Amino acid sequence: TGPMAIFDKIKNTAFDPAVLGGPSNRAVSADDPIWAPINGVSLEDYADLARTARDRGVTDEAGMIALARERGWDPAGTKAALDGWVQRMGQSMAVGQRFRKLLGY
């Protein structure tokens, strides 16, 4: 069987991209730990910060962290939270979909 054989097998099945290292498209229950805040920053908090950044024309992480500092958030904790949420979006399409919805897309 050649390298394309795997695609022949998955073409007609419910395929989870996580098999190939992409984000999973499986449904995620509301109580799944993937939704737990990171350093006190929920996905909703992250989306709110991202909306503020978008409204102010902030496009980089340093700017996002400066906005977080205005809110009284710890810069190091904020960076870890932002990185953590991006990582979770890479693990589960549901996280990215909820994030985009919270952003208003």
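**Salt bridges and packed helices**

By a simple distance rule (a side-chain nitrogen of Lys or Arg within 4 Å of a carboxyl oxygen of Asp or Glu), this structure has five salt bridges. Keep in mind that you're looking at a predicted model, where local features need pLDDT of at least 70 and side-chain atom pairs count only at pLDDT 80 or more, while totals for chains, interfaces and linings use all residues. Residues are numbered from 1 along each chain as its sequence is written, and side-chain values use heavy atoms, with hydrogens and water left out.

Let's start with D48. Its partner R51 comes to 3.0 Å between the closest N and O atoms. R51 and D48 sit three residues apart in helix α2, so about one helical turn separates them. (Helices here are DSSP runs of H or I, at least four residues, numbered from the N terminus.) D48 also meets the side chain of R71 in a salt bridge, 2.8 Å from N to O. This pair ties together distant parts of the chain, as R71 is in the loop between α3 and α4, 23 residues away from D48 in α2. R71 is partly exposed at 31% relative accessibility, where partly exposed lies between buried (under 20% relative accessible area) and exposed (over 50%), using a 1.4 Å probe and protein chains only.

Another salt bridge joins K79 and E61, with the closest N and O atoms 3.3 Å apart. Again the link spans distant parts of the chain: K79 belongs to helix α4 and E61 to helix α3, 18 residues apart. Through shared partners, salt bridges join D48, R51 and R71 into one network.

Now for the helices themselves. In α3 (residues 61-70), G63, M64, I65, L67 and A68 are buried, and the buried residues of this helix pack against α2 (43-56) and α4 (75-91). How do α2 and α4 cross? Their axes come within 11 Å, at roughly 105°. That makes α2 roughly perpendicular to α4, a label that covers angles of 65 to 115 degrees. On the α2 side, L43, Y46 and L49 meet L82, W85, V86 and M89 of α4, with contact meaning heavy atoms within 4.5 Å.

Finally, look at R88, also in α4. R88 is buried yet has no salt bridge, and D32, the nearest side chain of opposite charge, is 7.7 Å away. What does the side chain of R88 reach? It gets to the backbone oxygen of I34, at 2.7 Å. Among the residues R88 touches, leaving aside those up to four places away in sequence, are P33, W35 and V95.

Notes: Helices (H or I, at least four residues) and strands (E, at least two) are DSSP runs, numbered from the N terminus. Lys and Arg count as positive and Asp and Glu as negative; His and the chain ends are not counted. A polar contact is a pair of N or O atoms within 3.5 Å; within protein, one must be able to donate a hydrogen and the other to accept it, and residues adjacent in sequence count only if both atoms are side-chain atoms. Axes are lines fitted to C-alpha atoms, for helices over the stretch in contact, and angles run from 0 to 180 degrees between N-to-C directions. Angles under 35 degrees count as roughly parallel, over 145 as roughly antiparallel, 65 to 115 as roughly perpendicular and the rest as oblique.
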